[in-house]
Amino acid sequence: MAKITLKAVEKRFGDNTVCDGINLEVEEGQMVCLIGASGAGKSTLLRCVNLLEAIEDGEILLDGEDISLPGLDPQPVRRRIGMVFQSYNLFPHMTAAENVMLAPRRVYKKSRTALRPEITELFTRFGLADRMNHYPDQLSGGQQQRVAIVRALAMKPEVMLFDEITSALDPQLVGEVLDVLRLLKDSGMTMVLATHEMGFAREAADKVCFLKDGKVVEEGAPSALFDAPQHPDTQAFLARALK
Amino acid sequence: MTKTNAAGKTRRQIYEDRLRRRSMLVAGGSTLVVFLAVVILVPMAPGWDRVKASFFNWEVFAKTFPKLLEAFKLDVAIFLWSAPAIVVLGLLVALARDTRNPALFPLRILGAAYTDIFRGVPVVLTVYLIGFGVPGLGLPRPWNSPYIWGSLALVLTYSAYVAEIFRSGIESVHKSQRAAAASLGLSDADSMRFVILPQAIRRVVPAQMNMFIALQKDVALLSFIGPVEIFRQAGVYKSLLANFTPYVGAAVIFLAVTIPATRYADYLIARQNRERS
């Protein structure tokens, strides 16, 4: 059984259909990359999976269990699905360590002292040991984004969603964030990325999906999709994106 | 390499020095003209001697000032017990108006009605209505005290304004912060308490300071319903000495408090603007 299954997912904002019958399967431990132009529905799709947006129709299954059921309490689901945003969204009034500890403290009722060792371990693993007590505005974009990843990981999620997490970064900072993603993939995390980093998608993804106008136009292994795209829209997009 | 002259200044520094000298000369000159005009022209007004005797009588000032200062303590006391109540009530109303829980819908409507009503009625009317109205119910001592009901009138009025400022602060926190908190599995209440409110409150501190400066002045309105605070004390002296100087003394005392407070609030606003840009 797939870790995440999307069945004919539909999301509309008013008259604007952003996800138009999307089907997608993400296996346990897989890294799936969503590519496509801005406005194709990649970000919205991720927000739907994390229940930040309610879908109009279709189903989203996590371990075969329908999490898109209207009226379902979203909080227990969100604890199992971590999300990292394009603009980091760290809490500016808290240090990096406080950012990371807030949710485990409040949701899992763990004390700061109990959390310290595992949090320190996470910061160390992602090369941030000396940044724990810094405030977000004292960190570079790349560091902030890595703290945001650590913050999501501290909830011990089963799945991680990444919404164009390198798009707001200076080019020389993108590498350090992508390194973190490689590390996560090696640890067996199930991941879904909306990304414009074609090189990274080709190298690291298990599956790449090309979205256009809220539909999955084409999906497949990165080698197949990048080297021999079948659909004319995919060909046109890749021709522009890989130029 | 920078070109410098004999004094070791760049062309730009020389130019800026010249600009600064000129603007200081202009400012000094215009201030002098205005000052002379006031000092020379006002005393030439036909009623100046009478005004001077009844508003700026030094003897009356010196005689009444200590007692006015004494009475001002009551203003400060009323301020000190009203202000925390205003912060708490204002915050509660702001949160009530922000709630999305349908069970709390009546609270939301109530919050909206409350802010509309108390921001819409002149403070002095609220002070009269509550200050005279509630004790008129025939409550036993000490529940008929004008201190209690006068303070309550101030608290109700100012909480309405303070609540609106808190609400604008809450709304100014970007919704991506809520999304981030929600995505971590935090409850709405926790997200408000730990993520949104701390940022919102920090942003509105300068604006709230201005509200509390206004409150300090409006405490004088309670004089209309009884308490002998500074404004009423000044009124007593006015009748006693047939001289308006005590009012000037009271104004001096208010200014001694409000001017530093206003400057501090301005400083906070300026600092915040610098931080955000």
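The secondary structure of chain A comes to nine helices and ten strands; here helices (H or I, at least four residues) and strands (E, at least two) are DSSP runs, numbered from the N terminus. Chain A has a radius of gyration of 18 Å, close to the 18 Å that the globule rule gives for 243 residues, so it is as compact as a globular protein of that length. That radius is taken over C-alpha atoms, and the globule rule is 2.2 Å times the number of residues to the power 0.38.

Please note that this is a predicted model, in which local features need pLDDT of at least 70 and side-chain atom pairs count only at pLDDT 80 or more, while totals for chains, interfaces and linings use all residues. Residues are numbered from 1 along each chain as its sequence is written, and chains are lettered from A and ligands numbered from 1 in the order in which they are written.

The C-alpha trace of chain A spans about 55 × 45 × 35 Å along its principal axes. Of its 243 residues, 45% count as buried. A residue is buried if 20 or more other C-beta atoms lie within 10 Å of its own, exposed if 12 or fewer, and partly exposed in between, with C-beta atoms placed from the backbone. Among contacts in chain A between residues at least 6 apart in sequence, 66% join residues at least 24 apart; two residues are in contact if their C-beta atoms, placed from the backbone, lie within 7 Å.

I turn now to the sheets of chain A. Two strands pair if DSSP finds at least two bridges between them.

Which strands of this sheet pair with β8(A)? Strand β3 (residues 31-35) of chain A is joined to β8 (residues 190-194) of chain A by four bridges, and the two run parallel. Within that pairing, Cys33(A) has Leu193(A) as its bridge partner. Five bridges join β7(A) to β8(A), again in a parallel arrangement, and Val159(A) stands opposite Thr190(A).

Is β8(A) mostly covered or uncovered? Five of its five residues are buried. Both faces are covered, with Thr190(A), Val192(A) and Ala194(A) on one side and Met191(A) and Leu193(A) on the other.

Axes are lines fitted to C-alpha atoms, for helices over the stretch in contact, and angles run from 0 to 180 degrees between N-to-C directions.

Further pairing in chain A involves β1, β4 and β5. Strand β1 (residues 4-13) and strand β4 (residues 57-62) of chain A are antiparallel and share five bridges, with Lys7(A) opposite Glu59(A). Two bridges hold β4(A) in antiparallel pairing with strand β5 (residues 65-66) of chain A, where Leu62(A) has Glu65(A) as its bridge partner. These two strands form a hairpin with two residues between them, and Asp63(A) in the turn has a positive phi of about 55°.

Next, the interface. How many residues of chain A are in contact with chain B? There are 18, and they meet 16 residues of chain B. The elements giving two or more residues to this side of chain A are α2 (74-80) and α3 (96-107) of chain A. The largest share, four residues, comes from α3(A).

Finally, two helix pairs in chain B. Helix α3 (residues 58-98) and helix α4 (residues 105-120) of chain B pack at an angle of about 125°, with their axes 7 Å apart. That makes α3(B) oblique to α4(B); angles under 35 degrees count as roughly parallel, over 145 as roughly antiparallel, 65 to 115 as roughly perpendicular and the rest as oblique. The crossing of α3(B) past α4(B) is left-handed. A crossing is left-handed if the near helix is turned anticlockwise from the far one by less than a right angle, and right-handed if clockwise. Residues of α3(B) that meet α4(B) include Val93(B) and Ala96(B).

The axes of helix α5 (residues 123-133) and helix α6 (residues 146-172) of chain B come within 8 Å and cross at roughly 140°. That makes α5(B) oblique to α6(B), and the crossing is right-handed.
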